[in-house]
Amino acid sequence: MAMRLDLRLLAGLAALGFLAALVGGAFTGMLYEGADDRSGVLGAFDAYLWRIARFTLWQAALSTLVSVVPAIALARALSRHPAFPGRAIILRLFALPLGLPAIVAALGLLELYGRAGYLAAPLGWIRGDAWPGIYGLSGILVAHAFFNIPLATRLFLESLDTVGNDQWRLASQLGMGAGSSFRFIEWPVMRAALPGIAGLVFMLCITSFTLVLTLGGGPRATTLEVAIYQSLRFDFDPARAVVLTIVQVALTALVLAMLSRLGASAVGEANLTVSSGRPHTAGFGEAVLNGGLIAAGAAFVVAPLAATLASGLQADLPRLATESGVLRAAATSLALASLSAGLAVMLALALLSGRRAFEAGRPSLLAAAMEAGAGFVLVVPPIVIGAGWFILLRHSVDVFAVAPVMVVAVNAAMAMPFAMRAIRPAHDASATRHDRLCASLGIAGRARLRLVDWPVLRRPILTAAAFAMALSLGDLGVIALFGSDAVQTLPYLLLQRMGSYRTADAAGIALLLGLLCLALMLIADRLGKEMPA
Amino acid sequence: MRTNARGVVLENATFAYPGMTLAFEARIAAGAVTAVMGPSGSGKSTLLDLVAGFRRPDSGRILIAGRDVTGLPPDRRPVSMIFQENNLFAHLDVAANVGLGRSPGLRLSSDDRAAIDAALARTGLAGKGGRLPRELSGGERQRVALARALVRDRPVLLMDEPFASLGPALREEMLDLVCELQAEQNLCVLLVTHHPEDARRAASHMLFVESGRIAAAGATDDFFRADGPVAFRRYIGL
């Protein structure tokens with residue numbers, strides 16, 4: 001018995017070791033650099049640093065506000081009308097941004113609200129002057145709202161769905177109008193969910209990299225993560241990068257600690273619930289208001305997607321599809337994303353079975369570590385890990401040559417919490433059902449994998465892999481640091497074409513990348529849904 | 001030479017839960033059905049888990065057929081176990097579920113396949129080898145588990161309330177099948193049950209477990225006589 005449990009334990013320990021090495025290596029790099037260049041490090045604690053740190057917090061706070069307040073109104077409106085036509089479609093639509101690469105969304109938003117965007121003329125007319133476009137803080141806020149309004153709406157809706165049917169019936173029997181039922185029923189559950197949801201959005205906004213990089217502008221609208229990237233890629237000032245990284249990690253750790261005290265889950269839910277047994281109670285006036293709100297919310301989410309599609313189709317797609325640079329980047333992207341999805345799934349499985357093996361014995365610190373493995377990754381954003389390794393490796397190897405390894409490793413670690421979430425329910429149910437049976441029949445190791453675990457966990461594993469692949473495919477984090485002419489992924493190529501103002505090319509590549517990721521998300525969703533009970 | 005050398009012996013096997021330590025001293029007859037009864041939480045299932053090897057005793061020894069098995073993992077003990085439910089892999093068909101008793105990697109020779117067919121026929125499942133567990137009734141699912149125990153061919157069969165979810169008539173039918181198989185294979189059967197009539201119908205011996213101890217042991221007939229063990233008579237309400 002001990003022998004076999006050890007195998008699962010070893011897998012869990014190996015996964016923990018991998019994560020620890022990834023994070024530890026990054027910190028080693030930074031400590032080494034810090035000790036090497038003490039005056040540079042001390043000098044980096046300057047006014048610029050504090051300005052960036054302040055802006056990072058400020059934009060995150062504003063982003064949270066502009067995401068959460070509309071989400072409360074939207075969730076309430078959607079909850080008041082459980083059965084209008086298209087409700088399910090809108091909820092599915094609200095799940096799309098989760099799988100859309102940030103850089104694709106950024107481009108879509110620019111094509112819509114930018115200086116030369118589809119909406120520039122009407123917006124300029126309203127303004128009574130030429131439309132300046134969204135850049136800087138306004139761009140960052142719109143982009144964060146685009147990603148986080150749908151997310152927060154779905155989370156608030158989930159909290160509203162926990163209100164029992166009897167309470168709604170009681171409310172309608174007591175003749176509660178819209179005002180009272182908001183005050184006595186809806187607001188209390190949403191208020192309970194508010195700290196967790198707002199905290200999650202805040203966390204996503206202080207670690208947001210791609211959106212700030214593409215939509216923020218100049219030193220006035222730069223966050224810590226973007227500054228880390230700039231200090232390594234443009235200024236080549238490792239001492240400054242170290243200091244920025246330390247401040248970033250301290251900030252995220254602080255926020256995450258506050259989050260966990262609020263009882264929030266730091267990993268956004270990937271599935272969506274549509275059910276609500278709530279009776280239809282809204283009057284005509286309220287229905288019109290709610291309808292307007294929902295339509296506006298849906299338009300806000302759809303418009304950038306439509307803009308991406310429209311301008312993507314105007315690009316010279318046949319040429320792009322045969323251009324060797326694009327093809328190479330696509331092949332690199334697919335290869336790296338497949339590898340990192342595979343690694344993410346293996347990490348998740350190893351941590352899950354390691355934790356399970358511990359549970360059979362006594363609870364311990366290591367079991368808790370495997371349980372919280374996801375947490376590690378969130379405190380230390382990909383850019384930070386990438387920056388640490390960049391600094392560590394630059395003396396000994398060609399940093400651009402190790403790009404593939406870094407991208408695969410970091411993206412896998414980043415997708416691992418989501419993979420764990422997808423696999424965990426089926427894994428734990430299967431373990432409860434099968435552990436004793438397998439022990440008594442001596443089914444272990446490869447035989448157990450082939451006969452028991454794979455048939456039962458195949459679907460959730462594929463769901464997790466598809467989701468992890470979509471995340472990794474669209475990621476512009478580590479590759480922004482390590483990318484070069486030799487190793488390019490689609491997001492990196494897209495960033496380059498945007499930078500050199502080849503907008504038509506960028507639009508075409510964005511369309512390709514967005515479609516790839518959405519297809520993967522759809523596959524993940526499909527596989528996840530058809531799970532037999 | 002020890003009596004019951006071929007049966008199961010627990011030599012002061014202890015197992016500690018938070019707040020309660022179980023200690024079992026028992027000799028279970030070979031070639032007979034022994035019913036295990038006792039209140040919920042008294043330690044019946046732990047007793048079976050210790051014999052099966054799902055739990056290791058903190059101290060003491062467990063012997064089967066005279067051999068010390070205390071350190072052996074479940075699959076290396078001469079034991080088959082049937083649980084109340086979850087005896088089958090839901091995604092594998094009946095023949096595969098039985099076949100796992102022969103080869104845990106499901107690599108089956110033609111002899112193995114013949115044994116599987118024979119076991120299915122013996123348990124009344126002839127022709128149902130291709131079904132999935134969800135296509136079977138509750139009683140049939142437990143027959144599959146019995147068929148698997150048959151092809152495993154281990155001298156000790158442990159059953160933890162195997163028929164608790166079946167109706168009275170079906171339960172009697174299944175108990176009779178267990179008795180027949182016991183007689184044919186000369187098995188040592190340990191059967192946990194809540195029903196006194198199960199014990200009277202199927203078991204020649206009985207163990208009564210109370211507060212983590214074997215409170216009484218003996219022939220079933222003696223248990224049900226007017227001068228049977230007091231604790232047992234109180235438990236069944238006599």
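The sheet I would like to begin with is in chain B, where six strands form an open sheet in the order β6-β7-β8-β3-β9-β10, with mixed pairing; here two strands count as paired if DSSP finds at least two bridges between them, and helices (H or I, at least four residues) and strands (E, at least two) are DSSP runs numbered from the N terminus. This is a predicted model, in which local features need pLDDT of at least 70 and side-chain atom pairs count only at pLDDT 80 or more, while totals for chains, interfaces and linings use all residues. Residues are numbered from 1 along each chain as its sequence is written, chains are lettered from A and ligands numbered from 1 in the order in which they are written, and side-chain values use heavy atoms, with hydrogens and water left out.

Coming back to the sheet of 6 strands in chain B, β6 (79–82) and β10 (213–219) of chain B stand at its edges with a single partner strand each, so one side of each has no neighbour in the sheet. Within the sheet, β7 (residues 156–160) and β8 (residues 188–192) of chain B pair in the parallel sense over 5 bridges, and B:L157 has B:V189 in β8(B) as its bridge partner.

Elsewhere in chain B, β1 (residues 8–17) and β2 (residues 20–28) pair in the antiparallel sense over 8 bridges, with B:V8 standing opposite B:I28 in β2(B). These strands, β1(B) and β2(B), form a hairpin with 2 residues between them, and B:G19 in the turn has a positive phi of about 90°.

Which residue does B:R102 meet in a salt bridge? The partner is B:D112, at 2.9 Å from N to O; B:R102 lies in the loop between α2 (94–99) and α3 (110–122) of chain B and B:D112 in helix α3 of chain B, so the pair ties together parts that are 10 residues apart in sequence. B:D112 is buried, with a relative accessible area of 12%, whereas B:R102 is partly exposed at 36% (buried is under 20% relative accessible area, exposed over 50%, partly exposed in between, with a 1.4 Å probe and protein chains only).

In chain A, finally, A:R424 forms a salt bridge with A:D428, the closest N and O atoms being 3.7 Å apart, and these two residues, 4 apart in helix α20 (residues 403–441) of chain A, are separated by about one helical turn.

Methods. Salt bridge = Lys/Arg side-chain N within 4 Å of Asp/Glu carboxyl O.
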